[in-house]
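This briefing goes through selected features of one structure, grouped by topic. Please keep the sequence and the 3D view at hand while reading.

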Amino acid sequence: MSWKTLDDMDLNGKRVLVRVDINVPVVDGVVTDSTRIQRIVPTVRDILSAGGKPILLAHFGRPGGERRENLSLKQLVPTLESAFGAQVLFAADCVGTEAELAAENLQPGQVLLLENTRFHAAETKNDPELAAGMAKLGEIYCNDAFSAAHRAHSSTEAIARLLPACAGRLMQAELEALEGALSAPKRPVTAVVGGAKVSTKLELLGNLITKVDYLVIGGGMANTFLVAKGLNVGKSLAERVMKGTAAEILAKAEIAGCTIVLPTDIVVADKFESHAPHQVLPADQCTDDGMILDAGPESVAAITEVFAQSRTLIWNGPLGAFEIEPFDTATNAAALKAAALTRSGQLISVAGGGDTVAALNASGAAKDFSYISTAGGAFLEWMEGKTLPGVAALEE
């Protein structure tokens with residue numbers, strides 16, 4: 001671990017600039033899902049209890065460098081106050097005189113929320129001048145927004161070089177979970193990669209075959225691999241132009257000693273809709289007008305057997321068309337098996353990505369996974385083996 005945490009900092013009496021992700025859904029000025037706000041509570045409370053003064057830096061939506069009233073962070077103040085159990089003051093900018101005065105006058109026990117960093121076009125350009133303006137407001141910088149760590153922005157990267165910097169509790173938990181899962185994992189390691197397209201996850205697959213012992217491929221991606229093996233997939237979602245690439249990945253995995261697990265039986269329907277008539281067939285017997293919408297029971301048994309032999313699991317993407325019943329069966333069964341193994345202490349399970357979180361929540365398995373990352377892009381780039389600028393800046 002080459003980055004500092006809040007425990008390494010003397011926070012007493014210090015103004016702590018905290019980069020957070022509070023990009024929450026708002027309808028008619030009311031927060032409809034406060035999950036992201038709840039996740040930053042430990043960091044804010046720990047700073048307050050150590051005598052520090054938290055000053056929150058955040059983006060909201062995509063204002064494109066313009067001030068837009070509907071994208072003002074001011075509307076989040078009531079929700080933040082009830083989450084923190086503390087008074088939240090608001091400054092109408094994240095730099096400049098008003099922000100500086102508000103920061104200077106902040107009292108112990110209070111929290112200051114600065115206006116949307118993306119009201120400044122320079123923010124997404126990682127502008128050093130904007131970062132210097134922000135840095136003026138605090139004495140310590142704390143990044144608690146792993147979900148924004150794959151972006152080199154003024155509030156995530158440039159600013160970290162200007163002040164003593166550390167990771168917040170959420171960032172710390174995320175990095176510890178991820179390092180444990182891929183940098184120094186307990187073996188055997190299994191990765192589940194699902195979703196529609198091989199083309200969007202090429203770098204991911206290329207990185208994983210060198211790092212994991214088993215790679216389970218599901219969803220529309222699996223169909224592309226079946227095509228690469230010369231099988232008919234009928235009218236299924238598949239990227240037929242990618243069959244050469246898929247064949248290359250299969251060959252490279254074999255050289256790397258990574259076992260790729262593909263469906264051996266399939267659930268085939270004639271249309272993509274809830275409870276469409278369907279049948280279970282061997283993977284090499286898809287009908288010409290059939291659509292593969294899920295992995296079959298034999299495939300699920302093979303996947304859960306791999307889980308039972310594994311010590312670490314990384315999951316990104318569903319195994320079938322999980323949005324419509326009963327084609328969520330394979331995803332749910334595999335997820336519940338992973339959850340049970342995690343509960344019994346046999347497996348460390350880390351999952352992330354939008355569809356993944358939705359699928360694991362729907363199955364009821366999410367609560368038992370070791371760690372679920374809500375960071376979509378950052379989680380994927382980490383799985384691809386890329387350096388995340390926001391994390392790298394903390395390490396320097």
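The model is predicted, so local features are given only at pLDDT of at least 70 and side-chain atom pairs count only at pLDDT 80 or more, while totals for chains, interfaces and linings use all residues. Residues are numbered from 1 along each chain as its sequence is written, and side-chain values use heavy atoms, with hydrogens and water left out. Helices (H or I, at least four residues) and strands (E, at least two) are DSSP runs, numbered from the N terminus.

**The open sheet**

- An open sheet with parallel pairing is formed by 6 strands in the order E11-E10-E9-E15-E16-E17, where two strands pair if DSSP finds at least two bridges between them.
- Strand E11 (259-261) and strand E17 (371-373) each have a single partner strand and stand at the edges, so one side of each is left without a neighbour in the sheet.
- From one strand to the next, the twist averages 15 degrees.
- Within this sheet, strand E9 (residues 189-193) and strand E10 (residues 214-217) run parallel and are joined by 4 bridges, with Val192 opposite Val216 in E10.

**Helices H6 and H13**

- Helix H6 (residues 169-183) and helix H13 (residues 376-383) have axes, which are lines fitted to C-alpha atoms over the stretch in contact, that come within 11 Å and cross at roughly 30 degrees.
- H6 and H13 are therefore roughly parallel to each other, a label that applies to angles under 35 degrees.
- Leu178, Ala181 and Leu182 in H6 meet Phe379, Trp382 and Met383 in H13, where contact means heavy atoms within 4.5 Å.

**Helix H8**

- Helix H8 (residues 219-228) is mostly covered, with 9 of its 10 residues buried, meaning under 20% relative accessible area with a 1.4 Å probe and protein chains only.
- The buried residues of H8, which include Met221, Phe225 and Leu226, pack against E9, helix H7 (202-208), E10, helix H9 (243-256) and strand E14 (291-295).
- Gly230, whose phi is positive and near 85 degrees, follows H8.

**Strand E1**

- Strand E1 (residues 15-19) is likewise mostly covered, as 4 of its 5 residues are buried.
- E1 pairs in the parallel sense with strand E4 (residues 53-57) over 5 bridges, and Val16 has Pro54 in E4 as its bridge partner.
- E1 also runs parallel to strand E7 (residues 140-143), to which 4 bridges join it, and Arg19 stands opposite Asn143 in E7.

Conventions. Axes are lines fitted to C-alpha atoms, for helices over the stretch in contact, and angles run from 0 to 180 degrees between N-to-C directions. Angles under 35 degrees count as roughly parallel, over 145 as roughly antiparallel, 65 to 115 as roughly perpendicular and the rest as oblique. Buried means under 20% relative accessible area, exposed over 50%, partly exposed in between (1.4 Å probe, protein chains only).
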